[in-house]
Amino acid sequence: MTWAQVDRTQLLELSAQDPWVRWATSSELLAVAGEDGWACVGPWRPSGHWGGTAVVAPGSPERAESEALAVLAALADEQGVSVEWFSTLPGRSLEVPGGLAPSGSGHWDFLWTRETPVLDRVVEGVELVELDDVEDAERIADFGLRHNLSFEGYPGRGYATLWLGVVDDGDLVGVGAVHELASGIPHLAGIVVAQEQRGRGIGALLTARLTTAAIEEAGVSTLGVYSDNTAALRLYDALGYRTAHRLHTRSLRRSRS
């Protein structure tokens with residue numbers, strides 16, 4: 001399979017306005033396209049964290065994504081950046097080019113919505129409060145890690161444009177954030193509810209309010225969720241989110257050899 005470099009405008013057209021390309025990529029995108037699909041990398045956050053994905057048609061050559069990554073990694077090297085992660089569709093193989101080495105992997109779904117959610121359930125006795133990314137960073141991190149060991153809210157790093165907390169009788173029982181992607185699009189992250197408080201609708205309340213804030217800001221909200229988190233996927237579906245892609249992501253690092 002032959003991969004040819006394309007710009008973002010061309011990729012949007014070739015991918016039929018794919019939600020990943022449309023909302024998760026910025027003007028710094030590096031992209032290639034071929035007869036069976038497309039692939040791209042770019043900064044995930046305004047501060048960097050370069051990575052991306054390849055989307056190919058069923059029956060594409062086994063090495064299609066590997067060859068795409070090799071081309072994209074070389075283009076990134078020319079710009080003085082390194083690809084830190086790369087995704088394929090589930091079940092597709094990926095060989096890492098020289099100069100990079102795999103350091104982990106995971107499966108997750110990239111979701112989006114342009115619909116302002118409407119809640120039909122009231123959570124009695126709770127209050128939503130805005131938290132500060134810096135001043136409340138320790139409190140947010142302590143709460144998040146206590147109730148979810150894989151908490152990925154990253155408070156205090158400047159990623160969040162908004163943190164909301166749910167308070168019940170003075171106690172924090174839920175947190176969640178709106179992060180900004182390098183594309184400028186809002187991305188929900190770090191949504192955690194206290195284990196003993198789950199089932200009350202707190203997660204739905206938090207997600208709905210954060211989604212509303214994101215849509216008011218940019219007209220769209222995105223988020224990522226582990227593919228095996230069926231409860232969260234059901235919730236996001238009920239709030240109007242659509243799955244753009246189910247992805248198998250490999251974390252990458254510079255190899256020493």
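Biologist: How many cavities of 30 Å³ or more does a search of the whole structure find?

Modeller: The search finds one. Keep in mind that this is a predicted model.

Biologist: OK, and how much space lies in that largest cavity?

Modeller: About 50 Å³.

Biologist: Which residues line the largest cavity?

Modeller: Here's the list: Trp-20, Ala-24, Thr-25, Ser-26, Cys-40, Val-41, Gly-42, Pro-43, Trp-44, Gly-51 and Gly-52.

Biologist: Which element gives the largest share of that lining?

Modeller: That's β3, with five residues. Helix α2 (19-24) and strands β3 (37-45) and β4 (48-56) each put in at least two.

Biologist: And how do the lining residues divide into nonpolar, polar and charged?

Modeller: Six are nonpolar, five are polar and none is charged.

Biologist: Let's switch to charges, then. How many salt bridges does the count come to?

Modeller: Seven. One of them joins Arg-63 to Glu-95, with the closest N and O atoms 2.5 Å apart. Arg-63 sits in the loop between β4 and α3 (64-78), and Glu-95 in the loop between β5 (85-88) and β6 (100-113), so this bridge ties together parts that are 32 residues apart in sequence.

Biologist: Which residues are linked with Arg-63 in a network of salt bridges?

Modeller: Glu-67 and Glu-95 are linked with Arg-63 in that network.

Biologist: What does Arg-92 meet in a salt bridge?

Modeller: Arg-92 meets the side chain of Glu-65, at 2.7 Å from N to O. The pair links distant parts of the chain, with Arg-92 in the loop between β5 and β6 and Glu-65 in helix α3, 27 residues apart.

Biologist: And that pair, is it buried or exposed?

Modeller: Arg-92 is buried, with a relative accessible area of 18%. Glu-65 is buried too, at 0%. The cut-off for buried is under 20%, so Arg-92 still gets that label.

Biologist: Which residue forms a salt bridge with Asp-77?

Modeller: Arg-254 does, with the closest N and O atoms 3.3 Å apart. Arg-254 is in strand β12 (residues 242-254) and Asp-77 is in helix α3, so to speak two distant parts of the chain, 177 residues apart. Arg-254 is partly exposed at 47%, and Asp-77 is partly exposed at 41%.

Biologist: New topic: helices. Which residues of α6 are buried?

Modeller: In α6 (residues 230-238), Ala-232, Leu-233 and Tyr-236 are buried. Looking down the axis of α6, these residues fall within an arc of 100°, so they line one face of the helix.

Biologist: What does the face turned away from the buried side of α6 carry?

Modeller: That face carries the exposed residues Arg-234, Asp-237 and Ala-238.

Biologist: And what covers the buried residues of α6?

Modeller: The cover includes β6, β10 (186-193), α5 (202-218), β11 (221-226) and β12. After α6 comes Gly-240, which has a positive phi near 105°.

Biologist: Which residues are buried in α4?

Modeller: Ala-137, Ile-140, Phe-143, Gly-144 and His-147 are. Around the axis they cover an arc of only 140°, which puts them on the same side of α4. Over on the other side of α4, Glu-138 and Arg-146 are exposed.

Biologist: What covers the buried residues of α4?

Modeller: The cover includes β7 (126-131), β8, β9 (171-180) and β10.

Biologist: Where is Tyr-154 found?

Modeller: Tyr-154 is in the loop between α4 (137-147) and β8 (160-168). Tyr-154 has a positive phi of about 50° although it is not a glycine. At 27% relative accessibility, Tyr-154 counts as partly exposed.

Methods: Residues are numbered from 1 along each chain as its sequence is written. This is a predicted model: local features need pLDDT of at least 70, side-chain atom pairs count only at pLDDT 80 or more; totals for chains, interfaces and linings use all residues. Side-chain values use heavy atoms; hydrogens and water are left out. On a 1 Å grid over the protein atoms alone, a cavity is a set of points where a 1.4 Å probe fits but cannot get out, and a pocket is an open set with protein on both sides within 12 Å along at least five of seven lines; lining residues have an atom within 4 Å of a point. Grid points are joined across faces, edges and corners, and a volume is the space filled by probe spheres set on the points. Helices (H or I, at least four residues) and strands (E, at least two) are DSSP runs, numbered from the N terminus. Ala, Val, Leu, Ile, Met, Phe, Trp, Tyr, Cys and Pro count as nonpolar, Asp, Glu, Lys and Arg as charged, and the others, Gly among them, as polar. A salt bridge is a side-chain nitrogen of Lys or Arg within 4 Å of a carboxyl oxygen of Asp or Glu. Buried means under 20% relative accessible area, exposed over 50%, partly exposed in between (1.4 Å probe, protein chains only). The arc is that of the directions from the helix axis to the C-beta atoms. Contact means heavy atoms within 4.5 Å.
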